[in-house]
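Please read it beside the sequence and the structure shown here.

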Amino acid sequence: MIVEENVALAPLTTFKIGGPARYFVEARTLDDVREALAFARERGLQIFVLGGGSNILIADEGFDGLVLRLRFEDVEFKTTDSETLATVGAGVDWDVFVARAVARGCVGVELLSGIPGTVGGAVAANLGAYCAECSDTFVQAEVIDTQDPASALQTFTARDCTFSYHDSFFSHHPYRHIILRALFRFASDSARPQAYHDSRFNFADLTQEKGRTPTLQEVREAVIKVRGEKGVLSTSYRSAGSFFHMPFVSRATYEEVQRRARVLDAEKEAQLRPWAWEQPDGTYKIAPGFLLEYTRFQKGYARGAVGISPKHTLSVITSDGATAQEVVALACAMHDEVEKLFSISLEREVKYIGIKSEAQECVQFF
Ligand SMILES: Cc1cc2nc3c(=O)[nH]c(=O)nc-3n(C[C@H](O)[C@H](O)[C@H](O)COP(=O)(O)OP(=O)(O)OC[C@H]3O[C@@H](n4cnc5c(N)ncnc54)[C@H](O)[C@@H]3O)c2cc1C
């Protein structure tokens, strides 16, 4: 195991900003991970596991602990008559894995094409798009406990991971458990559903010939095309994807949001429909981008080197010279304006690493 000091983290994130890691280890074996954990423990250092850096914001001062980057990059597929199992290292690029699964006719991840990050990060985030989620095909993960690294590896089943919308057990215990490998189960192509839940991907629209079921590869290409048009491919902008989670609210709150939106601008409310979706439990999922449309933080908003994607209201973007402090300030202002107008407190999807005070940043910027 090689421990590097003062390693720049900005190039390892999709925002391309933030300071260095005090210590940095690339782990290729279980021994490397155990040694890194022991190194951190001896020095009382906090540990942060870095995946593809596509859902994090690193403080300008950097991270005053040990950053562990997993290079577990093994992928093994086993196919029987009815299913395929894939064991995948946590450091494998998520979209490379999806591409390989699609090429083998594995059903279940094709709608999750074109999303940056690693397999470990995808499990931790329960990555999702177009009504599909990582947890749809996830079976279990091999996990090490950072507080007891010498003990046997643990197996976390889907149940242990307590997956929910863009969330998992791991998001709530970010420094405690490290996912080393994950096992996925796929139905074979012949068992494919006749339609996708998301209306953007109706089979009929995906092929030239009406009525023909598109191949998994055609679905993947359609998803990547739509993501490109929305500016949410890793090559589109420097961002961390959607900055805020979709809020789930009661029916009464949904009706109040609708009432306030109509008072503010009824025409806009009508134009932006659908902006809320009723859930089986009677709550409503609201598009945060809709709420932001009533603030000054609209598509294309820019201030200095930070701003909002011209194609996607929820994507905070950066350019050369941007600081994490500015991103925090912008996000804080976006949050506060939505709360003032709609009494909804947006929750951050992007994880802050090493960032100490949000409130102070907000005041400084505006
Ligand atoms: C352009 C763009 C589009 C995006 N679109 C989507 C989308 O459609 N849907 C969606 O869900 N997300 C989306 N995202 C967000 C992001 O891609 C996902 O959340 C991704 O799964 C993060 O993985 P990562 O490896 O980059 O994790 P990182 O950003 O490196 O880390 C995120 C968190 O996961 C933890 N983590 C990473 N690896 C491990 C591990 N092995 N064990 C334990 N914890 C770990 C980290 O410690 C950290 O807390 C998008 C991001 C970008 C930049």
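1. A residue is termed buried when its relative accessible area is under 20%. Ile-178 has a relative accessible area of 2% and is therefore buried. The model under discussion is a predicted one.

2. Ile-178 belongs to strand S13, which covers residues 177–188. Neighbours within four places in sequence aside, the contacts of Ile-178 are Val-33, Leu-37, Val-49, Leu-68, Leu-70, Glu-142, Val-143, Ile-144 and Thr-146. Glu-42 is 136 residues away from Ile-178 along the chain, and the C-alpha atoms of these two residues are separated by 19 Å.

3. The domain assignment divides the protein into domain 1 (3–70), domain 2 (75–229) and domain 3 (238–365). Between domain 1 and domain 2, the C-alpha centres are 25 Å apart. Domain 1 contributes 16 residues to the contact, and domain 2 contributes 19 residues.

4. The size of an interface is often expressed as the accessible area lost when the parts come together. For domain 1 and domain 2, the area buried between them is about 1,300 Å², with 70% of it on carbon and sulfur atoms. On the side of domain 1, Arg-34, Leu-37 and Leu-70 account for 37% of the area buried against domain 2, more than any other three residues. Two of the residues named here, Leu-37 and Leu-70, are also among the contacts of Ile-178.

5. Which polar interactions cross the interface of domain 1 and domain 2? The rule finds three residue pairs in polar contact, both residues being at pLDDT 80 or more. Zero salt bridges are found across this interface.

6. Helix H1 (30–43), strand S3 (47–50) and strand S5 (63–70) each provide at least two residues of the side of domain 1 that touches domain 2. H1 gives the most, with five residues. By residue class, the side of domain 1 that touches domain 2 comprises nine nonpolar, five polar and two charged residues.

7. Is Arg-220 buried or exposed? Its relative accessibility is 9%, so Arg-220 counts as buried. Arg-220 is located in helix H6, residues 216–229. The side chains of Arg-220 and Ser-113 are joined by a polar contact of 3.2 Å. Apart from neighbours within four places in sequence, Arg-220 is in contact with Asp-95, Val-98, Ala-99, Val-102, Glu-110, Ser-113 and Gly-114.

Definitions and conventions: Residues numbered from 1 in each chain as written. Heavy atoms only, no water. Domains from an automatic or database assignment. Contact = heavy atoms within 4.5 Å. Buried area = accessible area lost by both parts, 1.4 Å probe. Salt bridge = Lys/Arg side-chain N within 4 Å of Asp/Glu carboxyl O. Polar contact = N/O pair within 3.5 Å; in protein donor to acceptor, adjacent residues only side chain to side chain. Helix = DSSP H or I, 4+ residues; strand = E, 2+ residues; numbered from the N terminus. Nonpolar A, V, L, I, M, F, W, Y, C, P; charged D, E, K, R; others polar. Buried < 20%, exposed > 50% of the residue type's maximum accessible area, 1.4 Å probe, protein only.
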